[in-house]
Amino acid sequence: MLYPLTTLLLLPWLLWQGRRVRRDTPRLPEPDGPREGVSGSGTPLAVLMVGDSAAAGVGTRVQTQALSGQLVQALAQRFQVRWQLLARTGDSSADVCDRLAAQSPRPFDLALVSVGVNDVTGRTTLRQWHRHLQQLTGLLQQRFGVREVVFTAIPPMHQFPALPQPLRWYLGRRAGQLNQALAQFCRDTGGCSLLQVPFPLEPGLMASDGFHPGEAAYALWGQHGAELLADLHIKALSDASSSALSGVTPAALAE
């Protein structure tokens, strides 16, 4: 009861702070650079990255410094990576669903998703959040053939320097609620995993606007994301190989 009551009492102040933050926070552009390509050599791996301004790399100058560049660079040391980035500043989970539904489908092995911050600031309800996660997963699995959807946990908004108190407390609390729902969704839904990046409490990890990741944060995100995606892909290849061998008769092996 304490959280809803406190929120209600603070609502006029929170709304005023929200308008001020939107007015005063510098609007950083999305970085330049390719949003699809092929990199590396070895076992093929197709990765689709979708989401919001963080997925788009806002906070860096070029895509090679952003999430897509950091992730692909790490994966390309082990795989031949075909990748594509579909992300736009301001997109909520509902917006990402609309974008995917309008996109011409191409097959991908894995998808890395970054959504949630705009759902927090846009006051997406828990019921809407769960419905959008279902829609997003269904689109990726059915239209794009994605085997495993990896959702990145919503970042710790209670630590964002651009947010004043008590707005920082309120948005951080709301982000925590959506994260709990996201974690439960990933546990309950086949073909879904949760990526939690242990961002240290260092101001230098943030971009100049105090709201988006900086290059060091993207590097950490890309490293942890690449490790999880690589493990998932290797496991899928191993499972497929085991399934194929289980259908081979002893007589066939003897030939």
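In what kind of crossing does α4 pass α6?

Reply: Happy to. First, a word on what you are looking at: this is a predicted model, in which local features need pLDDT of at least 70 and side-chain atom pairs count only at pLDDT 80 or more, while totals for chains, interfaces and linings use all residues. Residues are numbered from 1 along each chain as its sequence is written, and side-chain values use heavy atoms, with hydrogens and water left out.

Now to your pair. Helix α4 covers residues 93-102, and it packs against α6 at an angle of about 25°, with the two axes 9 Å apart. That angle makes α4 roughly parallel to α6 (under 35 degrees is roughly parallel, over 145 roughly antiparallel, 65 to 115 roughly perpendicular, and the rest oblique). Axes here are lines fitted to C-alpha atoms, for helices over the stretch in contact, and angles run from 0 to 180 degrees between N-to-C directions. Helices (H or I, at least four residues) and strands (E, at least two) are DSSP runs, numbered from the N terminus.

As for your question, α4 passes α6 in a left-handed crossing. A crossing is called left-handed if the near helix is turned anticlockwise from the far one by less than a right angle, and right-handed if clockwise. On the α4 side, the contact is made by Ser 93, Ala 94, Val 96, Cys 97, Leu 100 and Ala 101, and on the α6 side by Trp 129, His 132, Gln 135, Leu 136, Leu 139, Leu 140 and Arg 143. By class, these residues divide into nine nonpolar, three polar and one charged. Contact means heavy atoms within 4.5 Å. For the classes, Ala, Val, Leu, Ile, Met, Phe, Trp, Tyr, Cys and Pro count as nonpolar, Asp, Glu, Lys and Arg as charged, and the others, Gly among them, as polar.

Helix α6 has another helix to pack against. Spanning residues 126-143, α6 meets helix α7 (residues 167-188) at an angle of about 45°, with their axes 10 Å apart. The two are therefore oblique to each other. Here α6 passes α7 in a right-handed crossing. The α6 residues that take part are Leu 126, Trp 129, His 130, Leu 133, Gln 134 and Thr 137; from α7 come Arg 174, Gln 177, Leu 178, Ala 181, Leu 182 and Phe 185. Sorted by class, this contact has seven nonpolar, four polar and one charged residues. One of the α6 residues to look for is Trp 129, which is listed in the contact with α4 and in the contact with α7.

Next, look at how α6 sits on the sheet. Helix α6 lies across β2, β4, β5 (148-152) and β6, running at about 140° to β5. The sheet itself is open, with six strands in the order β1-β3-β2-β4-β5-β6 and mixed pairing. At the edges stand β1 (36-39) and β6 (192-195), each with a single partner strand, so one side of each has no neighbour in the sheet. Ignoring direction, neighbouring strands are turned by 20° against each other on average. Two strands pair if DSSP finds at least two bridges between them.

Helix α3 (residues 67-75) lies across β1, β2 (43-51), β3 and β4 (110-114), at about 165° to β2.

Arg 123 is found in the loop between α5 (117-121) and α6. Its phi is near 60°, a positive value in a residue other than glycine, and Arg 123 is exposed, with a relative accessible area of 55% (buried means under 20%, exposed over 50%, and partly exposed in between, with a 1.4 Å probe and protein chains only). In the loop between β5 and α7 you will find Pro 166, and the peptide bond from Gln 165 to Pro 166 is cis, with omega near 5°. For background, most residues other than glycine have a negative phi, and most peptide bonds are trans.

Stepping back, the chain has nine helices and six strands, and buried residues make up 45% of its 255 residues.
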